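Let's take a walk through this complex, from the overall build down to a couple of helices. Have the viewer open as you read.

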Amino acid sequence: MKSMTANDRIVRTMCDLCHCECGVLVHVQDGKVIKIEGDPNCPINEGHLCPKGLAAIQLLYHPDRIRYPLKRKGERGEGKWQRISWDEALDTVVIKFREVIEKYGPESVTYSWGDAAYRNSRFTKDALLFTLNAPTHLHSDAHYCFHPVLIANRLTFGHLLTSEGSPDYRNSKCIMLWGGNPVMTHPTQGRDIILGKTNGAKLVVIDPRFTEIASKADIFLQVRPGTDDALALGMLNVIINEGLYDKEFVEKWCIGFDQLKERVQAYPPQWVSKITWLAEEEIIRTARLFATSKPAATHTRMGVCMSTNTIQTVRAISILAAICGNLDIKGGNLIPNRPAGFKTRAEIVWKELTLPPELENKKVGAHEFPLLCSSESLGGNFCHPPSVIHAMMTGKPYPIKALWVLNDLLVCLEGAKETKEALGNVDFIAGSDFFMTSTMELCDIILPPCTYLEREEVVDSICTNNVIGARQKVIQPLDETRDEKEIDLEIVRRMGLKLPPHWQTLKDFNEYRVKGMGITFEDLKEKGYIGGPVSYKKYEGTGFPTPSGKVELYSSILEKYGYDPLPYYQENPETPVSTPKLAKEYPLILITGGRHVVYYHSLGRQIPWLREIMPDPNLEIHPETAERLGIKNGDWVWIEAPRGRGRIKMRAELTESVHPEVVHAPSHWWFPEVKESHHGAWESNINAIMSNDPPYDPICGATPLRGNLCRVYKADER
Amino acid sequence: MRDKNIKKSLLLNIDLCVGCFACEVACKQEHNLPVGIRWIKVVKVGPKKVSGKLFMHFVPVHCRHCGKPPCLGVCPVGAISKRSDGVVLFNEELCIGCKMCMEACPFGALQYNPEKEVAEACNLCVGRVDKGLEPICVQNCPTGALRFGDTTDYVLQKQKRGVKNFIEHDEFIKEKEV
């Protein structure tokens, strides 16, 4: 590294390569980024960075990055492109959107919201749909991932409390982590769990996989995939029948305890033990530990969000946190507390960019999943993603003919083959991504976005529930890449539509978010980070934002919509228990989607420093099972799904991390080095053999991706 | 300038290492290392079931800057040296790429750079350390599993911790008996 000169500078900004949005110090020399390190003054990461953040230079300057607007020359997927001007690109989008709107109506225009580079363009993309009067927002993971937790939490307490940012790990006596591995998914949360444990907390990890964080657990419960609902109900049974719950809190702040008490009688630990593969005494021991350790912090992750009983599962776990008296106390689950006057993401999207009810209720899925999609949604302004794909295929309930896609839908959404067919029915597809992915190859126009190092915005990371910060532009966008938000607003302008009056430009928007705090965006940049005050038991003044103002163990909203107001156990649709005949031919339980820290969804497989650490898609398989199947460590194997869903190849990793009857396949695999237009999206992409057909979770429409059947056998080399 | 008589090294608290790979990529960026060269590499041990309980550990493997470095002893051209503060350094100008040192290293910590045709290893971030900073892997370790310090002090701390655990355990047994 050269020594510092007058042209060198260090810029403080915030990484956006995962949900943590850590503070970083970026070293710039002669206009080029030469080093990125964690900012020790950032309360989110305290100076640390994960591999993704540390390798961001290789993303910024990657030779394969798309740097100019492109127009497709040959057939879709032929891989022939022509460089065009921004004017031509934007005008084409405007003309095509108009054509589709005239022919089919505004609801036929949609965008597929991705992540990473695009999280902060949520507002401007929503503003575009809002100005178009288009309710069709395809957020490809709206029906699982974070939103089921949001819905289940809001049904129960009105607040989002069991997701990232809320559990107060560092001050906790007992941390219960359910279906997640933050070391790999949210590194700052992984760190806080370890620090909590160092401070004396007991760590309970519930997961079918023995993960990195599970290796640090005091109690690890290797639950049978998809039976978390039974386990949570069994624990409630123990805690209620032994009188270990917080009687004062339940008396004062909960409704429906008697009904809950009656319900959990159906789930004695002895019965739960048979369902979950866990020893009865382990269930009892864990329930007692959790109930008698105060404060205890509860965290639910995606492992419990991809079943046909997702909402009731997360509800049962949320109720555990509530009746043991852990809500909004130090070391428990804290109610969000951003700085007073700050406009949060939810506030803007829900209050300002929500269409009138008659339009909101036109969302695809609004009728089937009103709590996910309708004007009364508890989860956001999204459609039901599998239903959108089906609408593209069938034209029902209405045709969807223009799409702006910001993620690799073929790799990121279950039912990849149907997604490809669906995209074939869309008249016009605009795409934005850093790299030429299998989905970008199907676009008509590509609008190249810039990375976080090339743009500025206000940041409210979901991994902290009280800190906000400023993302600063470190360098000018490379070549002709543009800030995604700027592209959105430009399209709105060119379509002759009207933006909300108080934010006509991005600058206005940044100011608008912080204005209520009595500061300017420049002030925020100057300060770097601002935190809300730490306070506890905020509900004592305000009550809980539920219909009753209390924690609803018995949910009045679920009752109103005709769902079961109390949590229950339900077996997933394709398991050795529910489909024993099928299980004879497909004897292994397939769980999918465990993450690796070097990748963020489909991003990162072209980054040399990251790919080196995890070069192949590894199928975790127990050594005994592998031996029986004649599979050795490192062999390429086929994973075949039943019912004609097909097969893909992965590399066997023999490991005792999974039960002998369970295999685990990572998600989002593609091979950027494969130059054909599919870029390997059909080789090892687990979503190619997952179904997006019903049955779904009745409330949020989740598909069961963690606990289907499969068989595994040896393949030739990749 | 740090006192070169204090022999500081990388210390690992294995209970805190979660296998997050931050040290690896931090090292890559700091020293601009190509793919294939890992001065620090996180090795997963397990998972393995022992007496019905699963165990898994992560061990970052790197040059230990040995007191009597076996690599130094076998280098035929004197390309390996040891500073007074204990840091073992590789001189790429002198190295002939014979790989003798790699074979001699009991930890498998030394790396061969095929582009430069030389052997390389962790230099304990001497450039940073001489400015009073910690090695970059230590700065980026989120849990404090990797630390930079005096091994003797660390061992003393461990002794105290071990004794404390022993006593607590003993009391636990007594309590159970009652």
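First, the ground rules. This is a predicted model, in which local features need pLDDT of at least 70 and side-chain atom pairs count only at pLDDT 80 or more, while totals for chains, interfaces and linings use all residues. Residues are numbered from 1 along each chain as its sequence is written, and chains are lettered from A and ligands numbered from 1 in the order in which they are written.

On confidence, the predictor gives the complex an ipTM of 0.95 and a pTM of 0.96. Chain B has a mean pLDDT of 90, with 90% of its residues at 70 or more (pLDDT is the predictor's confidence in each residue, from 0 to 100).

**Chain A as a whole**

Chain A carries 27 helices and 25 strands; these are DSSP runs numbered from the N terminus, with helices being H or I of at least four residues and strands E of at least two. Its C-alpha trace spans about 70 × 65 × 60 Å along the principal axes. Among contacts in chain A with a separation of 6 or more, 74% join residues 24 or more positions apart; a contact needs C-beta atoms, placed from the backbone, within 7 Å.

**Domains**

The bounds below come from an automatic or database domain assignment.

| Domain of chain A | Residues |
|---|---|
| Domain 1 | 88-144 + 341-453 + 476-531 |
| Domain 2 | 162-333 |
| Domain 3 | 580-714 |

In chain A, the centres of domain 2 and domain 3 are 27 Å apart, taken over C-alpha atoms. Where they meet, 20 residues of domain 2 of chain A are in contact with 23 residues of domain 3 of chain A. On the domain 2 side, helix 6 (182-185) and helix 13 (310-323) of chain A each supply at least two residues, and helix 6 of chain A has the largest share, 3 residues.

**Chain A meets chain B**

This contact takes 29 residues from chain A and 21 residues from chain B. On the chain B side, helix 1 (22-31), strand 2 (40-50), strand 3 (53-62) and helix 5 (136-140) each supply at least two residues. Helix 1 of chain B gives the most, with 6 residues.

How many of the 14 residues of helix 13 of chain A are buried? The count is 14 of the 14, so helix 13 of chain A is largely enclosed by the rest of the structure. Its end C-alpha atoms are 20 Å apart, which agrees with the 20 Å that its 14 residues should span at 1.5 Å a residue (1.5 Å times one less than the number of residues). Just after helix 13 of chain A, G325(A) has a positive phi of about 75°.

Helix 17 (residues 385-394) of chain A is mostly covered, with 8 of its 10 residues buried, among them P385(A), V388(A) and M392(A). The buried residues of helix 17 pack against strand 6 (109-113), strand 7 (137-139) and helix 19 (416-424) of chain A. Helix 17 of chain A is followed by G395(A), with a positive phi near 75°.

Key
Contact = placed C-beta atoms within 7 Å. Buried ≥ 20, exposed ≤ 12 C-beta atoms within 10 Å, placed from the backbone.
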